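Welcome! Please take a moment to look over the sequence and the structure below, and then we will walk through some of the details together.

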Amino acid sequence: MAITLDESLPLPLYRQLYEGLRRAILAGRLPPGGKLPSTRILARQLSLSRNTVCQAYGELEAEGYLVGRHGSGSYVSSELPEELTPEAEERLGLRSVETRPGLGASEPRNPAGEPHSNSPRGLPFDFHPGQGAWDGFPAGTWRRLLARQWRHGWRETMDYGDPAGYRPLREEVAAYLARSRAVRCTADEVVIVNGTQQALDLLARVLVVPGDRVAVEDPGYPSARQLLASHRAQILPLEVDQDGMLVDRLRESGVKLALVTPSHQFPTGAMLSLPRRLSLLAWARNEGGLVVEDDYDSGFRYEGRPLDSLQGLDGTGRVVHLGSFSKVLFPSLRVGYAVLPPGLVRPFVEAKELTDRQTPILEQQLLAGFLGEGHFERHLRRMRQLYRRRRQALVEALQSHLAARMQVIGASAGMHLMVQLLMSMDERQVVERAACAGVAVYPAGPYYATPGHQSALVMGYAGMAEERIAEGVARLAKALDGVTAQR
Ligand SMILES: Cc1ncc(COP(=O)(O)O)c(C=O)c1O
């Protein structure tokens, strides 16, 4: 019997033997009803005292793995089911569970745009579009808010709270959205969530039945597309141009829900034009559709006046407005908000309560103070200045090194821009060449739902100092030496 015992381990030998035998039983190597060697023989085989073996057998008997028959020896209990255990199943190679399509696929789920990417991260110059200057966060202020909360408000922190969110935070968010985005809401319509991703998940739970048609932008945010597909929505990708999503295609499409990033289309950077906003709202009104407005980074606009939110333009309760603190503060915070039409609040909050009860209160309390005391908007202003300079550095570097071969689009807002490739090399080849030179740039492909797009890169600048940006682009240009322009 192959059982490994090791005297140097802190576990007593009888316990090691017990474990070895138990595993052999569970894995089916000692089958139900099978006879075990006598304690004397096993003790000799394993160079143990007989007492040690008796102790192990005794425990296994007490727990029902073995049955002792007087005068005849010890047997594996025949009451144990034949195909009993995870180990046995594993041994037989049977351990597969059928999952819903789309999750855990062998293809990487999200190869760009997200920190969990398999793209060439870890290179010295990383233009990752999801990276911000998280180190610019006022950690000292946060620490003070935290200390104050534990000193004065800690009892409230410890109990279950309102699944719709911490009331003072909902009020701060409603006031901020009214001031800065012309969103029309009261705190009652604001629900705090664990980021946009959860808001979308809850909306899908509440609204989508398998087979429902859901429109998304193409290119668009892969995590949202995949999430909706995981709820078995039928995805209708709608093309995007310099004025945002082609909303006319929604007419008589049978779409129930349209997901858009109107202030800053992800990833092209287009802003949905006013005529298209109006026709999107007309579609929702006339055909009973619902628009989900993902306002993920509207705090960062550098050129032109931002258009107010779509939600503020709508007077008929057909828009859900989603926002997140992931980009404007930092992504691991996992706090965002949904502003819902009144009739959707209850089912949405019920779904939230069913899935995770509530968003952790401590973070909500600190955020309420952070917004209420003006730290949030101060931080936003500071980051806007910083990101504006970094964006400028990237645009200038691209223009000075690669103007004939790359065209910058969507640089007027956000934390990334897009460059269309005007050269005799496609995006994958460019990404590979760049990686060899220590520069991570990201192909546009994964953002597209349909094939055949023009080669392009998505380049983040928010997380990199200006000198590093300049040097990274110089290296990229060097890596592309000799690659000819092609219009
Ligand atoms: C288009 C888009 N929406 C939303 C988010 C934020 O998602 P979450 O709030 O779940 O972090 C991101 C972040 O990368 C994004 O790119």
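Where does A182 lie? A182 is in the loop that runs between helix 7 (167-181) and strand 4 (190-193).

## A first look

Before going further, please keep in mind that this is a predicted model. Most residues other than glycine have a negative phi, and most peptide bonds are trans.

You will find P267 in the loop between strand 8 (255-260) and helix 10 (274-287).

## The domains

How is the protein divided? The domain assignment gives domain 1 (13-92), domain 2 (125-134 + 383-479) and domain 3 (138-377). As you can see from these bounds, domain 2 is made of two stretches of the sequence, 125-134 and 383-479. Between the C-alpha centres of domain 2 and domain 3 there are 27 Å.

The size of an interface is often given as the accessible area lost when the parts come together. For domain 2 and domain 3, the buried area is about 2,100 Å², and carbon and sulfur atoms give 60% of it. Three residues stand out here: W134, S412 and Y447 supply 27% of the area that domain 2 buries against domain 3, more than any other three residues. In terms of contacts, 24 residues of domain 2 touch 23 residues of domain 3.

Polar links also cross between these two domains, with 15 residue pairs in polar contact. Which elements of domain 2 take part? Helix 14 (375-402) and strand 13 (416-421) each supply at least two residues of the side that touches domain 3. Helix 14 gives the most to that side, with 5 residues. Sorted by class, the side of domain 2 that touches domain 3 has 15 nonpolar, 6 polar and 3 charged residues.

## Salt bridges

The count between domain 2 and domain 3 is 1 salt bridge. The side chains of R391 and E303 also meet in a salt bridge, at 2.8 Å from N to O.

Across the whole structure, a search finds 19 salt bridges. Another to look for pairs R148 with E373, whose closest N and O atoms are 2.8 Å apart. R148 belongs to helix 5 (residues 139-152) and E373 to the loop between helix 13 (361-372) and helix 14, so this pair ties together parts that are 225 residues apart in sequence.

## Around the ligand

Which residues are closest to the ligand? It is surrounded by 12 residues, and the closest are T196, D294, S324, S326 and R334.

Let us visit a few of them in turn. T196 uses its backbone: an N or O atom there lies 2.7 Å from an oxygen atom of the ligand. D294 has a polar side-chain atom 2.6 Å from a nitrogen atom of the ligand. S326 places a polar side-chain atom 2.6 Å from an oxygen atom of the ligand.

Technical notes
Residues are numbered from 1 along each chain as its sequence is written. This is a predicted model: local features need pLDDT of at least 70, side-chain atom pairs count only at pLDDT 80 or more; totals for chains, interfaces and linings use all residues. Side-chain values use heavy atoms; hydrogens and water are left out. Domain bounds come from an automatic or database domain assignment. Contact means heavy atoms within 4.5 Å. Buried area is the accessible area (1.4 Å probe) that two parts lose on being put together, summed over both. A salt bridge is a side-chain nitrogen of Lys or Arg within 4 Å of a carboxyl oxygen of Asp or Glu. A polar contact is a pair of N or O atoms within 3.5 Å; within protein, one must be able to donate a hydrogen and the other to accept it, and residues adjacent in sequence count only if both atoms are side-chain atoms. Helices (H or I, at least four residues) and strands (E, at least two) are DSSP runs, numbered from the N terminus. Ala, Val, Leu, Ile, Met, Phe, Trp, Tyr, Cys and Pro count as nonpolar, Asp, Glu, Lys and Arg as charged, and the others, Gly among them, as polar. A residue is near a molecule or strand if one of its heavy atoms lies within 4 Å of it.
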